[in-house]
Every structure is written in C-alpha cells, then in structure tokens.
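Student: I am new to this structure, and I would like a careful look at one part of it. Please start from a single contact and then show me what surrounds it and what else deserves attention.

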Amino acid sequence: MLTLDKIYQASYALKRVIRRTDLISAPHINPASSIFLKPENLQVTGSFKVRGACFKISRLTDEEKARGVIACSAGNHAQGVALSATAHGIRSLICLPDNAPISKVEATKGYGADICLVEGVYDDAYNRALALREEKGYTFIHPFDDEDVIAGQGTIGLELLEQLPDVEAVIVPIGGGGLISGVAFAIKNMNPDIRVYGVQAQGAPSMLNSIERGKIDRLESVRTIADGIAVKEPGLHTFDLCQKYVDEIVAVNDDEISTAILALIEQHKLIAEGAGAVAVAAAMFNKVPIAGKKTICLISGGNIDVNILSRVIGRGLQKSGRSCSMTIELVDKPGQLQNVSRIIASTGANVVSVYHERVSHTADINGCYLHLEMETRNQQQINEIRQRLAVAGYKIVEG
C-alpha cells in the first residue's frame, strides 16, 4: 500500500543516486501567473524515471535480482532501469517500441541493458515484456503501475514542497500516471489545498478519458510527438490514485507542445522532449486556472530525438507567429514582386523563401501565384502584413 512513509523511504534511498533538481523561475511562460519549472530533464538519465526504477530495484530480494529484470518503455524508464540494474550488478532486458527515438535506444544500451525492439507502440512492448517474463523468469519492473515505482516518483512532490512551501498549483505530465500519482499523493497528504493538474497529449488521452468515464478506458491508437506519454491504457493503481488526488486533467495538441519546447529553449536554454513539455504547454495556453497563483510546471524529461528537434522547432515557430507561409494571387506584370516585397519590408518582416508560379489551372490566364516564407515577430505582425497587402489590392489565397 502506498503511504507517505514509503515516499520518505524512497527519498532517503535515492539521495546518493539522483540529483535534487532546482526550481527555475519562468516569468514569461504565463505572465498572469508566477511560474516555476522543475527541470527533471536535468536528472540523471535525463528523466524523472530513474527515481522510481532505482527505488523499485533497491527493494528486490536476492532471488529476484539473480533472475535478472525486464522492463518495457518508450525510452526513459528503460534508461532508469538499465542504470539501476547495472549499478546493482543485475542483468536487464528492455523491450522498446521500434519507433522509440534512436537516442533513447542507444542511451539504454550505454547503461548496460540488452534491447528487444518490438513492432508497434508502448503497449505492444509491454505485452512482449510480460511474455518474456513468463518464458524466462525475469523480474518485471513496471514503468508506472507499481507502488514502489510510484513512491519513487513521489519524491518529487516532497522536493516541491520543500523548495516552494507556498506553491498553489502543480502541473504534471501524464502517460500511464505513475509520476502524477506519486506527486499528487505526496502533495495532497501534506497540503490538500494545493491544486494538482495533469496534462496529456491530445493524441493519447487515455487517463483523461478514463477519469471522465469513471472507468479505465483503452485507446485504439495513439498519435503524438510526445512519445514518452503515448500510452493506450492507464494502470489500475494510477487510475485510482488520479481519481482521488488529481484535481483536473487537460490535453494539449502537438502544436502547443512544440511551442512549449521552443519557449523552453529560447527563454531558459532547456531541452525538453514532447512529454516533458506538456505541463509548460498547459500553462502557456491557459488550459488550467492558474492566473495569480504560484505554479510549478514539471518538465519530466529531455531525451528528445535530435532528428525531429528541427521539425518540432519549426512547428513551434509557426504556432507562435515566428514564421509564416503565405500565397498571394498576382497579375503577371512587371513590378508586382517588388511591390509585395516593399510592403512586407515596411512591417519589419524578413522574406526567406520565394517561389513564383505562373502556370495554374485555377488562375486567370494573366495571373500567377507568389509563395512566400517569412520570419516574423508574432501573430500581430502577420496580421499587419495581411492587412497592408489587402489595402494594396493583393489577394491572399493561402496562409
């Protein structure tokens, strides 16, 4: 049974293993609130997951350790299990979905684990791990639905209350629910007046749907850039704990997540993965009522695949009005491109790409299309460009 005493035990057991990540003031994330960041992306292995994995493995019997351990993960739990198992001289086998970021796969190998790539998503890796446990006799380390793992994650809740005693709201990412279960349990048992909000990706709202329906709901599929929280079904323990201790669960979309990743890079020089940025996205886009409140956003991890980072930044730039694509219908005559360029330059925007298309089945025979990519300051500047072009008689057909 999960108790506050067990979370304190975990805190003591982990003192020599984990980093006590500091709070960082983030005044520009949401100016209406006093925001602080808990950067678990700076944790050992780059994620909070090492807390639960290390505490669980530290409590195994000698017989369980001798059999070796097996786990399933989208990547972060894998690294935590691998690091802890190797430190205890235990063999570890990790089942990962075959679409897990290469960086996470290689990092897991680097911590000493054997890897089994499974076609599909997290839940497919989970089923394969259970089958191998039965076949080989491994000890299974669940990524979220285990009370020792939850207690390990709950140590974050203790730290938050020590670091900011007058905190009024805490925003936490949710995949399977292990992190928010531990954090919410610790916080609510010490100060029930603090609001605890959970955030899921819009493309993987398994806990959100389950809480709304009052029973565990399994998704047919998940699709999100936040691969670390792309879980089809929450756990039994985590569902019960979220029902009891979490005040509200909301969802953010991939564009909002990308914008949050970009904001963390630009404003705080922090790299967050998609799952790690959802709490910040919820604060930025006012998904939860935190105006006027001292609020902590938990950045759960930073193990983003560098191959998709540029695409994520591109999405974030578009969402925040920092870049803009526009297609303008023109009459094909001299001076048109010059006039359009002059109007855009007068607003202070920067054209980075131009494509002039004469042939189109939908255009007038004397018409053409001008496709532009621009660097802009914000949405207000984009609106100003549209307005000035319209006043000058140009027709914007896209963008």
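This is a predicted model: local features need pLDDT of at least 70, side-chain atom pairs count only at pLDDT 80 or more; totals for chains, interfaces and linings use all residues.

Tutor: Residues are numbered from 1 along each chain as its sequence is written, and side-chain values use heavy atoms, with hydrogens and water left out.

Gln336 belongs to helix H14, which covers residues 336–347 (helices, H or I, of at least four residues and strands, E, of at least two are DSSP runs, numbered from the N terminus). Gln336 is buried, because its relative accessible area is 10% (buried is under 20%, exposed over 50%, partly exposed in between, with a 1.4 Å probe and protein chains only). Leaving aside residues up to four places away in sequence, Gln336 touches Leu330, Val331 and Tyr394 (contact means heavy atoms within 4.5 Å).

Elsewhere, a nonpolar surface patch of about 210 Å² is formed by Leu337, Val351 and Val354 (patch residues have over 30% relative accessible area and no salt bridge, with like charges joined within 9 Å and nonpolar side chains, Val, Leu, Ile, Met, Phe, Trp or Tyr, within 5 Å; areas come from the Shrake-Rupley method with a 1.4 Å probe, and for residues only the protein chains shown count as cover; a salt bridge is a Lys or Arg side-chain nitrogen within 4 Å of an Asp or Glu carboxyl oxygen). Val351 lies in strand E12, residues 350–357, and counts as partly exposed because its relative accessibility is 31%.

Thr45, in the loop between strand E2 (34–39) and helix H2 (49–58), has a positive phi of about 75° although it is not a glycine, and counts as buried because its relative accessibility is 7%. Asn286, in the loop between helix H12 (274–284) and strand E10 (294–299), also is not a glycine and has a positive phi, near 55°, but Asn286 counts as exposed because its relative accessibility is 55%.
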